Amino acid sequence: MSSDQRSRGGTGGTEAREHLANERTLLAWVRTGVSLISFGLVIQRIGAQVGSVGTSGIFGVALAVLGCLTLIMGTIQFLRSRRGIATGNFVSATAAYLVVVAGSLALAGTFIVYVLLSGS
C-alpha cells in the first residue's frame, strides 16, 4: 500500500482512527449531558430540603433541559461527523458547541445574580 492510500484513509487505519476519535467525542458529550442533568437534580433536591423549592426547581429543570439538549446535540454532531468521515467531506460544525456554551453561561450568570441578590 502506498503512502498516498494511507493518507486518504485506505486500509491504513486513518479512517478507523477518525471514527474512534469521533466516538470519544460523543462520549464526552454524553458525560457533559449526564453531569448537567445530575447537577440539576441535586440543585432541585437541595432547594426542596432548604425550603426554596420554586427557584431551585427552575434552576434544576433548566440544567436538566440543558443536559438533554447537550445529549441531543452531541448525537447529531456524532452522526454528522460519522457521515462526513465516511464520505471524506468532513466539515466542522460549531453551532452545537455554541448552543451548549451559551446555555451554560446564561444559566451560570443567572445563578450568580440570584445568589448575590438573595444574599443581601
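In the predicted model, Asn22 is located in helix H2. This residue is buried, since its relative accessible area is 9%, which falls under the 20% cut-off. A polar atom of the Asn22 side chain is placed 3.1 Å from the backbone oxygen of Phe78. Leaving aside residues up to four places away in sequence, the contacts of Asn22 comprise Phe78, Ser81, Arg82 and Ile85.

The largest nonpolar core is formed by six residues, namely Leu36, Ile43, Phe59, Leu63, Leu66 and Leu107. Two elements, helix H2 (14-50) and helix H3 (53-87), each supply two or more residues to this core. The greatest contribution comes from H3, with three residues. Among the core members is Phe59; when residues up to four places away in sequence are not counted, Phe59 touches Ile43, Leu107, Thr110, Phe111 and Tyr114. Of these contacts, Ile43 and Leu107 also belong to the core.

With regard to confidence, the protein chain has a mean pLDDT of 82, and 87% of its residues reach 70 or more. Within the chain, the highest mean, 90, is found in H2, the helix that contains Asn22. The lowest confidence is found in helix H1 (residues 3-7), where the mean is 47. Over residues 1-7, pLDDT remains under 50, and the model shows six contacts beyond four places in sequence for this segment.

Notes: Residues numbered from 1 in each chain as written. Predicted model: local features only at pLDDT ≥ 70, side-chain atom pairs only at ≥ 80, totals over all residues. Heavy atoms only, no water. Core = buried A, V, L, I, M, F, W, Y, C linked by side-chain atoms within 4.5 Å. Buried < 20%, exposed > 50% of the residue type's maximum accessible area, 1.4 Å probe, protein only. Helix = DSSP H or I, 4+ residues; strand = E, 2+ residues; numbered from the N terminus. Contact = heavy atoms within 4.5 Å. pLDDT = per-residue confidence, 0-100. Polar contact = N/O pair within 3.5 Å; in protein donor to acceptor, adjacent residues only side chain to side chain.
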